Amino acid sequence: MTQQPSITLSSLDLDRLEHLLDSLPREALASHRQLLAELERANVVEPSQVPPTLVTMNSRVRFRVEPEGREFQRTLVYPSGMDGDEEKISVLAPIGSALLGLSVGDSIAWPTPKGGEMNVRIMEILYQPEAAGEMHR
């Protein structure tokens, strides 16, 4: 993979994601090693310091998968927030893990489950809890 962009996480999201990953069976952690690596390299800030251009948990994001150029709008949720709504994506899904912590304009190369690589570019943040004043959601 090429050099990845810097990522930023709120301390609240980091705490909840670490707790989530700690609760997974040991054998399931292997499939989430990329997410674990992202958490380790993240710049961590308090929720009140999160810029409005950043993808945080429960953010609604418009992004493009390149080079195909397909655009999507999805809300990034914890697995417990998955309720069959096609407009939601779990942070444990490959694209969900890729979105977390990126800012508008950022692009990241991310491994696919089938061994390939996709490139995900953040186009717009349509909703972000921190920007809406929801610091403890």
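**Briefing: helix packing, core and selected residues**

Leu14, Leu17 and Leu21 in H1 meet Leu35, Leu36 and Leu39 in H3; contact means heavy atoms within 4.5 Å. The residues of this H1–H3 contact divide into 6 nonpolar, no polar and no charged. Here Ala, Val, Leu, Ile, Met, Phe, Trp, Tyr, Cys and Pro count as nonpolar, Asp, Glu, Lys and Arg as charged, and the others, Gly among them, as polar.

This is a predicted model: local features need pLDDT of at least 70, side-chain atom pairs count only at pLDDT 80 or more, and totals for chains, interfaces and linings use all residues. Residues are numbered from 1 along each chain as its sequence is written, and side-chain values use heavy atoms, with hydrogens and water left out.

**Helix pair**
- H1 spans residues 11–23 and H3 spans residues 33–41. Helices (H or I, at least four residues) and strands (E, at least two) are DSSP runs, numbered from the N terminus.
- The two helices pack at an angle of about 145 degrees, with their axes 11 Å apart. Axes are lines fitted to C-alpha atoms, for helices over the stretch in contact, and angles run from 0 to 180 degrees between N-to-C directions.

**Nonpolar core**
- The largest nonpolar core has 32 residues. Such a core is a set of buried Ala, Val, Leu, Ile, Met, Phe, Trp, Tyr and Cys residues joined through side-chain atoms within 4.5 Å.
- H1, H3, S3 (60–66), S4 (70–77), H4 (94–99), S6 (107–111) and S7 (117–127) each supply at least two residues of this core.
- Leu39, Phe63, Val91, Leu99, Leu100 and Ile122 have the most contacts inside it.
- In soluble globular proteins, nonpolar side chains tend to be buried together.

**Leu100**
- Leu100 sits in the loop between H4 and S6.
- Leu100 is buried, with a relative accessible area of 3%. Buried means under 20% relative accessible area, exposed over 50%, partly exposed in between (1.4 Å probe, protein chains only).
- Not counting residues up to four places away in sequence, Leu100 touches Ile7, Leu9, Leu17, Leu35, Leu39, Val55, Thr56, Met57, Leu76 and Val91.

**Gln4**
- Gln4 lies in the segment before S1 (8–10).
- A polar atom of the Gln4 side chain is 2.6 Å from the backbone oxygen of Ala109.
- Leaving aside neighbours within four places in sequence, Gln4 is in contact with Arg41, Ile108 and Ala109.

**Asn58**
- Asn58 is in the loop between S2 (43–45) and S3.
- Asn58 counts as partly exposed, at 25% relative accessibility.
- Phi of Asn58 is near 70 degrees, a positive value in a residue other than glycine.

Definitions and conventions
A polar contact is a pair of N or O atoms within 3.5 Å; within protein, one must be able to donate a hydrogen and the other to accept it, and residues adjacent in sequence count only if both atoms are side-chain atoms.
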